[in-house]
Amino acid sequence: MNPEANLESTILRLKMILISKLHVSKTTVEQSDPDQPLVGRGIGLDSMETLTLIAGIEEEFGISVPDEDLRISLFTDLRTLGTYIMSKLAATE
Amino acid sequence: MKDKSRIPTNLFEAFSLTAAEGSTRTAVIDGEPISYKQLNRLVQTASLEIRRRGVGRGDRVAILMPNSLEFVVAYFAILGAGAVVVPLNEQYQLNEILFAVDESQVKLIITEAGNLSLCQEVVHLSACKPGVVTTAETGGLNRSADTEAGFSPITMEADAPVMIQFSSGSTGAPKRIARTHANLLFELDSLRKTLSIRKEDRFLGVAPFSHVNGLVRTMLLSMTSGATLVPLRKFERQRAVRALVDERISVFIAVPFMFSVLAQMRLSGRPDFSALRLCISASAPMPENLNRDFAAKFGLYVRQLYGSTETGSISANLEYDPEPSLRAVGKPVQGVEVSVYLDDGSLAAPGEMGEFGVRSPGVVGGYLDLPELNRVTFREGYFLTGDLGRKEEDGTLFLLGRKKFFINKGGYKINPAEIEEVLETYPAVAEVAVIGVPTPLGDEKVKAVVICRTPCQEVELIDHCRGKIADFKIPSVIEFRDELPKTATGKIRKKMLLD
């Protein structure tokens, strides 16, 4: 699978976590493009919810996210977070 | 020579006696370990500095800083000056801090360098014009400071206020609550006995000290029991786990959100949590499934504690085998009586749902300057909590809901009216109703249902809220509707918005 397709599939799985774990409205998530901000505006997560999202990501992708990586820039948008997940997955291969 | 039989009459005396009895014991680990003797010196130095800045008996002093050694020093230094503590939430925005400062007539704000410019802005806009001092200036960072000659605390009476906190009102602005030295001494003694707290215990201080759970049940309980406190400036999952293991933490008191996040995190191997003997969750219900996940990972269940700012700690579920009653908030802690009232004011039968009323020496005398409200908030000496629940034959309490409409976000009680007021000032908004939507973590997320006057986007409304209210109050979900369900008298049916 090419990297773009991989990113698309990762973002899709991220969207599923947003709906199932964080109860973000399905319409909001489905209408979100990869550049949709996650915190505050856009998806509208707050700092507490980002931790729930990370727990969901760890479970879904089988990776471990260190505290040091939990900076606000990680949640810039779905693309940034998806790219980060892919880099963690690549590092564990 | 110390007098072991001496019973403290105020909170500063309780701390001083504890510090004298266990002077060589480690009090706080925030960097280098600090003994009770060293902590006492830091408190005295800071207390004298506060007095030099004009603070005296009964004055109000606000603390705006994260969980830290400096917070502990500031708290007891204020008490040593005979003053009253006003703890401020670090997530508060300018207007929220301004409100608390002016309502409490704060004379001095103690903060750290990072918050200095915000505090200076508060001073500029405030009607009561408090002073501002950083921990560096109060000597709170001077860990080698020696006892100041001539220090003697200003003795406060047991019924004098020790701190002012704010309770989210179901209507109008937050209400001021003054807890007295006697209220807190009772609650701490009750908790010490109920939870079997010993000086060998080591507490993790991760719930914010600005809130009753972190402040009373962690900071004050540890520091008046001769135990060791390990404060963490903010909640970070791996850092919290490292502290639990490395510092051999035995008592961990936090909020469901934190336990739930830890229960779900990915751990490499099974860390050594053998020192951990007590995990207490308060401020919101702990979801059963996540409690089981936590027990599988950490080797013990999270025990639910029920309390409020107005009453202090009410009950705790300390059953030997908590599995059959995970949803219960347990039996009343020592010295606390709970009655359940029906709508007509009569007492409910065992197992029947009603409103919890609480009576104990830990309950406040009432809300400040609100005599009308106080008349209806107390019944036969019982404080009516607004919490709905049932009491079983054996005294076990189950919380079933709220009579008053609040949103519980990660343990913070939010008044929806406060958010509605902010949103209603946006020109495109015609009408708005804010509700709490339950999350799998046991708390609620903030949802705004909006009727627009002119077309507007979700992002505009979130941007409008930013900077006006703390981040945790900003709606996570905004739904646009054409109309809101209402009663015949025009009141919004908020429960219908949850469907």
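# Questions on a predicted two-chain model

Student: In which element of chain B is V28(B) found?
Tutor: This is a predicted model. Residues 26–30 of chain B form a strand. V28(B) falls in that run, strand β1.

Student: Is V28(B) buried or exposed?
Tutor: The cut-off for buried is under 20% relative accessible area. V28(B) has 0% relative accessibility, so the residue counts as buried.

Student: Which residues does V28(B) touch, not counting residues up to four places away in sequence?
Tutor: Contact here means heavy atoms within 4.5 Å. Among the residues touched are M223(B), L229(B) and P231(B).

Student: How far apart in space are V28(B) and A227(B), C-alpha to C-alpha?
Tutor: In sequence, 199 residues separate V28(B) and A227(B). In space, C-alpha to C-alpha, the distance is 8.7 Å.

Student: Where in chain B is S476(B) found?
Tutor: Helix α14 covers 458–465, and strand β25 covers 477–480. S476(B) is in the loop between α14 and β25.

Student: Is S476(B) buried or exposed?
Tutor: S476(B) is a loop residue. Its relative accessibility is 5%. The limit for buried is under 20%, so S476(B) counts as buried at that 5%.

Student: Which residues is S476(B) in contact with, leaving aside neighbours within four places in sequence?
Tutor: From chain B, the partners are K409(B), K445(B) and V446(B). From chain A, they are I43(A), G44(A) and E49(A).

Student: How many helices and strands are there in chain A?
Tutor: From the N terminus on, the elements run α-α-α-α. The count is four helices and zero strands.

Student: Why does the radius of gyration of chain A agree with a compact globule?
Tutor: Chain A has 93 residues, and a compact globule with that number would have a radius of gyration near 12 Å. The C-alpha trace spans about 35 × 30 × 20 Å along its principal axes. The radius of gyration agrees because chain A has 12 Å.

Student: What share of the residues in chain A is buried?
Tutor: Buried means under 20% relative accessible area. Of the 93 residues in chain A, the buried ones make up 45%.

Student: How far apart are the centres of the positive and negative side chains in chain A?
Tutor: Chain A has 8 positive and 15 negative side chains. The centres of the two sets lie apart by 2 Å.

Student: How far apart are the C-alpha centres of domain 1 and domain 2 of chain B?
Tutor: Domain 1 of chain B is 11–177, domain 2 is 235–400 and domain 3 is 406–498. The contact between domain 1 and domain 2 takes seven residues from domain 1 and nine residues from domain 2. The C-alpha centres of these two domains lie apart by 27 Å.

Student: What is phi of S196(B), and is the residue buried or partly exposed?
Tutor: S196(B) is in the loop between α7 and β9 of chain B. Phi is near 50°, a positive value in a residue other than glycine. Most residues other than glycine have a negative phi. At a relative accessible area of 44%, S196(B) is partly exposed.

Student: Where in chain B is E380(B)?
Tutor: Phi of E380(B) is near 50°. E380(B) is exposed, with a relative accessible area of 58%. Its place is the loop between β18 (378–379) and β19 (382–391).

Methods: Residues are numbered from 1 along each chain as its sequence is written. Chains are lettered from A and ligands numbered from 1 in the order in which they are written. This is a predicted model: local features need pLDDT of at least 70, side-chain atom pairs count only at pLDDT 80 or more; totals for chains, interfaces and linings use all residues. Side-chain values use heavy atoms; hydrogens and water are left out. Helices (H or I, at least four residues) and strands (E, at least two) are DSSP runs, numbered from the N terminus. The radius of gyration is taken over C-alpha atoms; the globule rule is 2.2 Å times the number of residues to the power 0.38. Buried means under 20% relative accessible area, exposed over 50%, partly exposed in between (1.4 Å probe, protein chains only). Lys and Arg count as positive and Asp and Glu as negative; His and the chain ends are not counted. The place of a charge is taken as NZ of Lys, CZ of Arg, CG of Asp or CD of Glu. Domain bounds come from an automatic or database domain assignment.
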